[in-house]
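Open the model in your viewer and keep the sequence panel beside it. The stops below say what to select and what to look for at each one.

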Amino acid sequence: MLHIVNKSATERSSLESCLRMATKGSAVLLIEDAVCAATSGNAAAAKIQAAAADLKIYALGPDLAARGMAGRVLDGVNVVDYGGFVDLVAEHSNCQSWL
Amino acid sequence: MQFGILVNEGPYTHQASDSAYLFARTAIERGHKVPRIFFYHDGVNNSTRLATPPQDDRNVSARWSKLAADHGIDLVVCVAAAQRRGINDDVLAPGFRISGLGQLVEMGIQYDRLVTFGD
Amino acid sequence: MSDMDEMDEGSGIVKKFMFLNRKAPHGTVYALEGLEVVLITAAFDQDVSMVFTDDGVYQLMKGIDTKGIEVKDFSKTYRALEGYDIEKLYVDQASMDARGLTEDDLIVDVTVLPVDEMANLMAEQDVVISF
């Protein structure tokens, strides 16, 4: 399953709710404001790094760049473009947007 | 693969409709099909031709209309949500049509994936 | 045009639809308009589950009174779901605990699930729509 999160983890609890319900081996894609959680020094970075042990974590590159965060991505987070986003949706049998 | 897309927020305030547009365009570029995009909640506000954004900004509804014309996408606006928000046939941009929630459910039943963009 | 006019009665495909309700009622429109989608999906004879998690559990509170905010009280609709053959109502245990709620506080009978069971249920769906 692909989980899509679009909320900043320092503003809302969507990322936390998502990580709680994502089963081992599933994928989490951070888009829009959520991408900031995947950058070094962010208060949610430890959560992302801990989650990366069991889940595949992706962040949308254009959203990172649009927020000036492209150079700060955590190790273990895979940066994808919109093509990668489309591929992730195609590769997983279902998806959930944690709005 | 066939993708259905659900857009739940209006243009400009939230990034949702921008993200949905880029996703739809990219999916088509990669050889997938996007037969229908459904607009619900404040997402119905994507459909008005009355919006006049500044020249240096994107025109969200015009951009949807062009994508639909170029690739034969069915742009469906929920009737109940539209009526609540003052959207009717008189204000629709080209390519949009107003219909019922059954059109959304059909996307879930018939297509391979349904992706939601919202707030 | 009504939703009932455009039913695709003949497709015969039954998919698993999960509706994930994560927001309190009234602060935003998602709970109300989400419920409308759930009812239409059931009319298409699909396999419908509703999940209430995070602040979505507040949608099911007994004793909701909206007179003072002058908006429609749609909480009675949850009690009518059974009539639409929507019987799979799941509530997240941790979300209830975090809000000091128990099943006795809720307007309908629900199945309270621990997070791992809820996660597995979500993973096996064909379509997940979140409101």
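**First stop: a covered helix in chain B**

Select B:Gly102, B:Gln103, B:Leu104, B:Val105, B:Glu106, B:Met107, B:Gly108 and B:Ile109: these are the buried residues of helix 4 of chain B. The helix spans residues 102-110, and eight of its nine residues are buried, which leaves it mostly covered. Keep in mind throughout that this is a predicted model.

**Chain C as a whole**

Chain C holds four helices and five strands. Followed along the sequence, they come in the pattern β-α-β-α-β-α-β-α-β. The radius of gyration of chain C is 15 Å, close to the 14 Å that the globule rule gives for 131 residues, so chain C is as compact as a globular protein of that length. Along the principal axes, the C-alpha atoms of chain C fill a box of roughly 45 × 40 × 25 Å.

Colour chain C by burial next. Of its 131 residues, 36% are buried. If contacts with a separation of 6 or more are drawn for chain C, 74% of them link residues 24 or more positions apart.

**The sheet of chain C**

Select the strands of chain C. They form an open sheet of five strands, in the order 4-3-2-1-5, with parallel pairing. Which strands stand at the edges? They are strand 4 (111-113) and strand 5 (127-130) of chain C; each has a single partner strand, so one side of each is left without a neighbour in the sheet. From one strand to the next, the twist averages 25°.

Zoom in on residues 47-52 and 88-92 of chain C, which are strand 2 and strand 3. Four bridges pair these two strands in the parallel sense. To see a bridge pair, pick C:Ser49 and its partner in strand 3, C:Lys88.

**Helices on the sheet**

**Two aspartates in loops**

Move to C:Asp45, in the loop between helix 1 and strand 2 of chain C. Its phi is near 60°, a positive value in a residue other than glycine. Is C:Asp45 buried or partly exposed? C:Asp45 counts as partly exposed, because it has 15 C-beta neighbours inside 10 Å.

Continue to C:Asp85, in the loop between helix 2 (76-80) and strand 3 of chain C. C:Asp85 also is not a glycine, and has a positive phi of about 60°. With 11 other C-beta atoms within 10 Å, C:Asp85 is exposed.

**The nonpolar core**

Show the three chains again. The largest nonpolar core has 105 residues, and A:Leu29, A:Leu30, B:Ile5 and C:Phe19 have the most contacts inside it. In general, nonpolar side chains tend to be buried together in soluble globular proteins.

Centre the view on C:Phe19. Leaving aside residues up to four places away in sequence, C:Phe19 touches C:Gly34, C:Val37, C:Val38, C:Met50, C:Val51, C:Ile129 and C:Phe131.

**Strands in chain A**

Select residues 56-60 of chain A, which form strand 3. Strand 3 of chain A is mostly covered, with four of its five residues buried. Four bridges join it to strand 2 (residues 27-30) of chain A, and the two strands run parallel. One bridge to display is that of A:Ala27 with A:Lys56 in strand 3.

**Where chain B meets its neighbours**

Display chains A and B together. Here 11 residues of chain A are in contact with 16 residues of chain B. On the side of chain A that touches chain B, helix 4 (82-91) and strand 5 (95-98) of chain A are the elements that give two or more residues. Helix 4 of chain A gives the most, with six residues. By class, this side of chain A has eight nonpolar, two polar and one charged residues.

For the last stop, display chains B and C. This contact takes 22 residues from chain C and 17 residues from chain B. Helix 1 and strand 5 of chain C each supply at least two residues of the side that touches chain B. Helix 1 of chain C gives the most to that side, with six residues. The residues of chain C on that side divide into 11 nonpolar, five polar and six charged.

Notes:
Residues are numbered from 1 along each chain as its sequence is written. Chains are lettered from A and ligands numbered from 1 in the order in which they are written. This is a predicted model: local features need pLDDT of at least 70, side-chain atom pairs count only at pLDDT 80 or more; totals for chains, interfaces and linings use all residues. A nonpolar core is a set of buried Ala, Val, Leu, Ile, Met, Phe, Trp, Tyr and Cys residues joined through C-beta atoms within 7 Å. A residue is buried if 20 or more other C-beta atoms lie within 10 Å of its own, exposed if 12 or fewer, and partly exposed in between; C-beta atoms are placed from the backbone. Two residues are in contact if their C-beta atoms, placed from the backbone, lie within 7 Å. Two strands pair if DSSP finds at least two bridges between them. Axes are lines fitted to C-alpha atoms, for helices over the stretch in contact, and angles run from 0 to 180 degrees between N-to-C directions. Ala, Val, Leu, Ile, Met, Phe, Trp, Tyr, Cys and Pro count as nonpolar, Asp, Glu, Lys and Arg as charged, and the others, Gly among them, as polar. The radius of gyration is taken over C-alpha atoms; the globule rule is 2.2 Å times the number of residues to the power 0.38.
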